[in-house]
Amino acid sequence: MDIVNINFESGWKIIREEAIEKIEKYLENEHIEKNKNLFSATEYTRLYTVVYNMCAKKNPFCYSKEVYRKYGESLSMYTIDKIKPLLKNSDELNKTKILIDAWFKYSFYTKWMNKFLRYLDRYYVEYNSSLCLSAYTKNIFKITLFNELREDIKNIIYEIYNNLRSQEEIDQKELFCNIVELYKELDNESNEKMYEHDIEKKIVENVNNFYKKKAEEWINDYPFDDYIISIENAIEKEYEKNKSLNLNDDTCEKVTNIIVKILIYEKLNTLIDNKNNIFHLLKNNNLSSLRRTYILFSYFPEALTGLKKIIGEYIKMEGNELKDKYVQLSRKMHMSKSVNNMQNVDDNTMEDNDNYIDISNDDNNNNDNNNNNNIMNTQQNDDIILCDYIEQLIKLHNHYDNIFKLSFFNISNKNIDPNFNECLKDYFESFVEHEDEYFSTVKLLVIYTDNILKRDLNNENNVDEKQKVHMNKEEKNDEQTKFLMKKMSEIVEIFNYTSNKETFFEYYRVYLANRLINNIYISLNIEKKFIEQLYYLCGSQYTSKLGGMIQDLINNTNMNNKFYDHMKNVFNNNQIVNNNNNNNNSNNTKYNHHFSNYHNVKDFFSVKILNKGYWPTLEKIHIQLNEPFNKYIQVFEEYYKSENKNRKLEWIYELSEVILHYEFNNILYNFYCNVVNAQILLLFNKYKYINYDIVKNELQIDLKSFTDHMYTSFYHFKLITSNDEIPDWSNSNFYINNNFSYPNKNIYIKKTTALLSKEHEKTKEDRTMAIEAAIVRVMKMHKKLFYDQIFDYVKKSLSSFSPTNQVIEKKIDLLVEREYIQKEENSQIYVYIP
């Protein structure tokens, strides 16, 4: 037969006999192969060519429309005649199975026919806006078979899905997957969203019904931890089941959301009201359950807010317990000191501290200077004990920071949820800071920092001098540096929770000065890095002076080296080496008279130049130096004036360091003291004994300075003694204790610790006046304010520091007593009194 000029009837006869009848005959088999190659290449080419010749010609010889229509009729007849009779007298399950089997056969049918008729998609469908062959054939299947059974299929979906939760039967699971696949195929070129309306809707309905029952059972029978685990297991189990059933990701997500909504959101009040549930997880450090709780609660903002509030309350409660413990301890210490000072109790009261023992045994009737020293030492040691509060605070913060990092992080970026980060900050700020007359958080924070950043002199006592100098200059190893930087970062985190920043920097400047002046810092590099951290947090207005202090020490090294070079040049001058009496070299002759060589200066003398603008106010005492000390000072002053004409030097002897060597019982001891201590002790080279009259005559110092500098040598180290059982510092004679003995060869007689503390007391008085003035200004401007409003306005007006509410409250009460303001009766309103 000529297939080039073929008409419709002849062409369709070929298609029906060679393609359709062959396919339908193969589909009569019980089992069909989905990918069976039913037609050879030759047969396929012939059939495709027939269709092409029927559809590629111009009208009236183009039969595309007739072929398209006839193809639909053949499919409809196949479904009605061959498949529909099988559905009669069958139940819902069997009907569904028959339909699925029919769909497989129908798909095989249309797969081959659509290949033969492919030219229709290329021309007819495009130019006539008809359905493509795939959509066309699926639409016929829906109209002829699927729509009639749709309700039955939905019922089967609900039933099978419910059965698969309790026991997984392979046949049912396979049937369900086939139904899902059928719906997806039918939805492919359709906007009906049958999958969403039938399968997804039934699954959602099933999940909703099932977990509403489970919610009541679990909430009543399970403890919180097990309840959360059950939810997590349920979500995981449903997700795995849904994925195995080839359900869409959107469906899996909807199922998860329904489970969480029923088991978390609808039971939120019950879960949140019992705070002990979360408290128990925090107390036991149950990170896994906290993580589960966060993930499940994160579906709902209200749940997260409730969780944050409970966690915050627990942190605040634990923090306040810690703070109250140490505040009470500080008050007990204060009361104990008050009782001891009034009753002059013996050393049993202070058995934990050697300084206290010596003082209490020997100083029951001492003068005011002795009492001041006693109080100062006691206060220092009490502060060190209370510094454990900072250590515990850091541990508490690290503990909860670790909990937050491991439990409350976003899955996307692994960072802590910002809401919880703020929660941690807000609640720590609420309890970290406490300021009263007995307890100061910022002061303890500074003292804690000082204890970390300064060298432990007691551990260095057995190291010889050369080793000690070497240790002082060399950089610490990486491990120690990392440890110190970690501690500094922890301190900065706690510092960030305080509002009284200015007081911190006042104290810190004092303690930094003590470390730098007395060479007890571990590393200048560490000091600089810590100041850098504070700078990034607070800005240069707070840290510029601290940086200046560090720079002064760096400059001092260069300045001393220049001075030594200058002296070396002087001693190398031939006019000094020779005993030349030339009048033009009088200064050089003086150097030659004072020093035998250049090393006398380099080995025994160095200077620290401290810029007044950076350092705290330094206490100075007047003293008349003897020749061995005075000669070095004179030489340096002449050099310094020649290099810096417009600068004036003021010598702070109290902060100097002198090393005296003395042998007792064949043991050589090194006494580290300041110039004043050294001048007094060196008088024993001239006198068999000393008293205040001798010291006053030789050194021109007052009784207070004499007492302060002899106190430690007498009471603590027993370096000097007196014939009087209770010495009178103005009249008693003092002797060198020839039986002196001490376990360490290096003895630190005088170190400046509280010397600079008056700086803060002065600022504290100024701050008190500033707060009171701010309250009066605010009240004068507004005339009448509520109690809480006063706090806000006062804090805004004080830009340089931020007082606590407790401090402002006390000042308000004082101003009410002094009749600057008054409180209206039965209200929280305060009125300014003109």
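## Strand pairing

Leu785 stands opposite Tyr830 in strand E8. E8 (residues 829-832) pairs with E6 in the antiparallel sense over three bridges; pairing requires that DSSP finds at least two bridges between two strands. Strands (E, at least two residues) and helices (H or I, at least four) are DSSP runs, numbered from the N terminus.

This is a predicted model, in which local features need pLDDT of at least 70 and side-chain atom pairs count only at pLDDT 80 or more, while totals for chains, interfaces and linings use all residues. Residues are numbered from 1 along each chain as its sequence is written, and side-chain values use heavy atoms, with hydrogens and water left out.

Angles run from 0 to 180 degrees between N-to-C directions, and axes are lines fitted to C-alpha atoms, for helices over the stretch in contact; contact means heavy atoms within 4.5 Å.

## Helices H23 and H25

H23 (residues 501-517) packs with H25 (residues 540-572) at an angle of about 5°, the axes being 10 Å apart. H23 is therefore roughly parallel to H25 (angles under 35 degrees). The contact includes Phe505 and Leu512 of H23 and Leu546 and Ile550 of H25.

Definitions and conventions. Parallel < 35°, antiparallel > 145°, perpendicular 65-115°, else oblique.
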